[in-house]
Amino acid sequence: MPAPLVGPPTRKPCSEGEYDRPMPITTVGVVGSGIMGTGIAEVAAAAGYRVVARGRTPQSAESVLAGVRRSLDRQVERGKRTEAERDEILGRITVTTELKDLAQADLVIESVVEDLAVKLELFEELDSLCQPATILATNTSTLPVVDIGMVTGRPQQVCGIHFFNPAPAMSLVEVVRPLTASQETISAAVEFARSCGKEPVVVEDRAGFIVNALLFPYLNNAVHLLERGVATKEDIDAAMVGGCGFPMGPFALLDLVGLDTSVAILEALYAEHREPQCAPAPLLRRMVAAGHLGRKSGRGFYDYQRA
Ligand code: CAA
């Protein structure tokens, strides 16, 4: 008798019991005021955590609060939340320009620019001012988490907690385990992600982890197709939505992620694996040089009305 056909497993990633080790987390520090930092602040505050979000300037710090408010206002308009819930969530977020205001955080999630030198300096500073028990996490998409851990005096308490854009809408979180992280740290990160209503997966510390290692060669290839004149960007996007059931095509997604971030991710993938498909397509670099960064700059492959 032929073996019965078996489909993909239906169990949720990270089955119960496998990573149980809740550590009390009440205050979450978020460093970085961009799309991801803002989204992570919203997710954590909505899950009931007190959030201290740090931007480098008063304007960037305030932009976190403004971004979360815009997102929550949309949810109120759609009937997903009440005004009282919105106000409660906003009330749990404080913003600051001072890194030292994160000293009381039980977990800090860094989401600054994808530049290893910047992150290393930041983690050294966080290590010196945070409580000894605090877990320091990075939202990096591709950079080696072990390098980040090793500049601190607590490499066993450093891991990746990688959210996806838009963080409030995407259910996945990649918990990245560098060689140096303890099981307690990974368990606490998994538990934190679950408590935020996310579905965590645990992944080893290799450039691109799971999603970006698979996604970015595809996105880069789409740019190559466009450069070769195989089809228009609109038709390539329509093909991947209509033919593969993706929620958005590659150019719409590149614009969402940001072309500068995309180039940084591809460069990190290329640096680690040396696979030609990961070398950023020339057009991507030119667009970044021109300041066409996608939605965040109002123009990428498509034009966006600035709010
Ligand atoms: N904040 C909060 N919620 C949002 C949101 C945002 N910025 N954008 C969309 N949503 C929510 C909406 O409120 C809506 O929720 P409900 O159904 O509960 O009302 C839901 O998402 C769907 O939104 P819309 O109907 O407005 O629009 P849509 O159906 O086109 O979905 C999308 C928008 C969620 C962005 C969807 O197009 C999508 O899933 N796109 C793919 C995004 C993706 O692949 N992200 C990963 C990028 S790679 C990455 O992030 C990794 C990295 O390291 C760079």
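Colleague: How many of the 307 residues of the protein chain count as buried, and what makes a residue buried?
Modeller: The share is 47% of the 307 residues. A residue is called buried when its relative accessible area is under 20%, exposed when it is over 50%, and partly exposed in between, with a 1.4 Å probe and protein chains only.

Colleague: What kind of model do these values come from?
Modeller: The model is predicted, with local features needing pLDDT of at least 70 and side-chain atom pairs counting only at pLDDT 80 or more, while totals for chains, interfaces and linings use all residues. Residues are numbered from 1 along each chain as its sequence is written, and side-chain values use heavy atoms, with hydrogens and water left out.

Colleague: How do you know whether the radius of gyration of the protein chain agrees with that of a compact globule?
Modeller: The rule for a globule is 2.2 Å times the number of residues to the power 0.38, and the radius is taken over C-alpha atoms. For 307 residues the rule gives a value near 19 Å, and the protein chain has 20 Å, so the two agree. Along the principal axes, the C-alpha atoms fill a box of roughly 60 × 55 × 40 Å.

Colleague: How many helices and strands are there, and what makes a run count as one?
Modeller: The protein chain has 11 helices and eight strands.

Colleague: Why is Cys-130 said to be in no disulfide?
Modeller: A disulfide is called when two cysteine sulfur atoms lie within 2.5 Å. The structure holds zero disulfides. For Cys-130, the nearest cysteine sulfur is that of Cys-159, 14 Å away, so Cys-130 is in no disulfide. Cys-130 has 8% relative accessibility and therefore counts as buried; Cys-159, at 0%, also counts as buried.

Colleague: Why is Ser-141 called buried, and which residues does Ser-141 touch?
Modeller: Its relative accessibility is 9%, below the cut-off, so Ser-141 counts as buried. Ser-141 lies in the loop between β5 (135-138) and α5. Not counting residues up to four places away in sequence, Ser-141 touches Glu-114, His-162, Gly-208, Phe-209, Asn-212 and Ile-265.

Colleague: What is said of phi in Phe-209 and in Arg-274, and are these residues buried or exposed?
Modeller: Phi of Phe-209 is near 50 degrees, a positive value in a residue other than glycine. Phi of Arg-274 is near 55 degrees, again positive in a residue other than glycine. Phe-209 belongs to the loop between β8 (199-204) and α7 (211-227), and at 7% relative accessibility Phe-209 counts as buried. Arg-274 belongs to the loop between α10 (259-273) and α11 (282-289), and at 56% Arg-274 counts as exposed.

Colleague: What is the omega of the peptide bond that joins Asn-165 and Pro-166, and where is Pro-166 found?
Modeller: Omega is about 0 degrees, and the bond is cis. Pro-166 is in the loop between β6 (158-163) and β7 (172-177).

Methods. Helices (H or I, at least four residues) and strands (E, at least two) are DSSP runs, numbered from the N terminus. Contact means heavy atoms within 4.5 Å.
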